[in-house]
Structures are given as structure tokens and as C-alpha cells.
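Morning, everyone. I'd like to talk about charged side chains today. Have a look at this one with me.

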Amino acid sequence: MRWSIEQEEYYFKIYDEDKNVVAYFQPDYGQIEPREREYEIIERMLKSGDTITSGLLYMPMVKFNIRDDADYSIDEIITSIETALARIRQWRELIGADGSDYGIEHAWVRRAHTDYDMLAILLVVRFNRQVRLFKKDILDTVSKLLEPLVEKGLI
């Protein structure tokens with residue numbers, strides 16, 4: 001898969017080859033002091049290509065396909081929920097069995113902020129090397145996690 005990346009303020013949007021956003025990456029900038037100069041310091045870190053070793057990867061996890069303006073039969077709802085549950089189990093398997101192989105330290109699930117019919121997953125990822133805060137370096141590193149997700153049908 002061919003990925004692209006764009007910086008937006010202090011995080012990065014990752015796109016697939018069709019220009020769909022597949023993930024957001026928030027670098028862990030570390031303990032920044034003084035707090036009142038946080039944004040100025042992060043801007044300087046980004047411009048100079050400082051290194052990071054971890055961050056948060058926020059991405060869609062599962063869509064229920066239940067619209068607000070539609071009526072469904074009980075069987076349709078059961079099918080939708082079973083499909084969603086199967087996908088959630090795939091995520092659990094990846095995080096539980098292989099998560100450390102991909103640098104996943106922890107995961108949280110929350111309702112997606114852009115779509116109330118979707119759950120998103122927030123992955124705490126740690127890299128096995130220092131990564132410079134340059135788009136290419138971040139994309140090269142994060143894509144090593146995205147590729148297995150594509151192979152497993154999670155993206």
C-alpha cells in the first residue's frame with residue numbers, strides 16, 4: 001500500500017493511496033517545560049527534526065452501519081452487531097497476540113469523534129529506534145504497523 005502523510009498542527013494525518021484518512025499520529029513529545037511554552041517548543045522540535053520513540057495512533061476500528069434515519073429488522077441488527085463483534089475480536093487478537101511485535105504497548109477504544117456509528121482505536125506505540133520528526137521518517141516507521149493491518153483486513 002502506498003501511504004502519504006500531512007502535518008496538521010502538532011499531529012499527522014496518514015492517508016491511503018485513494019487519499020482517505022486512515023489514521024492520525026500524535027508524537028509523544030516528552031515532558032515539555034515550561035508548559036506555557038509548549039506549542040513554541042513543539043514547533044521548534046518539528047522544525048529541527050528532533051527524535052521521538054513513541055506516540056499515539058488513532059484510527060477507525062469498527063463501523064456498525066446503523067443510521068439514525070432508518071428502521072431495521074431484528075435480524076439485520078443481529079447481523080450488523082455480529083459483523084462488528086467479529087472485527088473487534090480481530091483487533092483484540094492482533095493487540096493481544098502480536099501487539100508487542102508491532103510496538104503496541106496499550107490500546108483504548110472510544111466512539112469516533114467524526115462518526116457516532118463508529119468505534120475508533122487509540123494505540124500507544126513504541127518504536128524500536130529513535131524516529132526523527134520529519135514526515136518521511138514518521139511515515140516509514142508507522143507504515144510498518146499499517147501494512148500488517150491491511151493484510152489482516154483491519155484497514
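One definition to start: a residue is partly exposed when its relative accessible area falls between the buried class, under 20%, and the exposed class, over 50%. Keep in mind that this is a predicted model.

How many salt bridges does the structure hold? Ten. I'll take a few of them.

Start with Lys135 and Glu6. Their side chains form a salt bridge, at 3.7 Å from N to O. Where do the two partners sit? Lys135 is in helix α3, residues 135–151. Glu6 is in strand β1, residues 4–8. What about solvent? Glu6 has a relative accessible area of 41%, which means it falls in the partly exposed class. Lys135, at 35%, is partly exposed as well.

Next, Asp115 and Lys63. Here the side chains meet in a salt bridge at 2.4 Å, N to O. Asp115 lies in the loop between β5 (104–111) and β6 (118–132). Lys63 belongs to strand β4, residues 51–63. So the bridge links parts that are 52 residues apart in sequence. Lys63 is partly exposed, with 36% relative accessibility.

Now a network. Which residues does it join? Arg37, Glu40 and Arg44, through salt bridges that share partners.

Key:
Residues numbered from 1 in each chain as written. Predicted model: local features only at pLDDT ≥ 70, side-chain atom pairs only at ≥ 80, totals over all residues. Heavy atoms only, no water. Salt bridge = Lys/Arg side-chain N within 4 Å of Asp/Glu carboxyl O. Helix = DSSP H or I, 4+ residues; strand = E, 2+ residues; numbered from the N terminus. Buried < 20%, exposed > 50% of the residue type's maximum accessible area, 1.4 Å probe, protein only.
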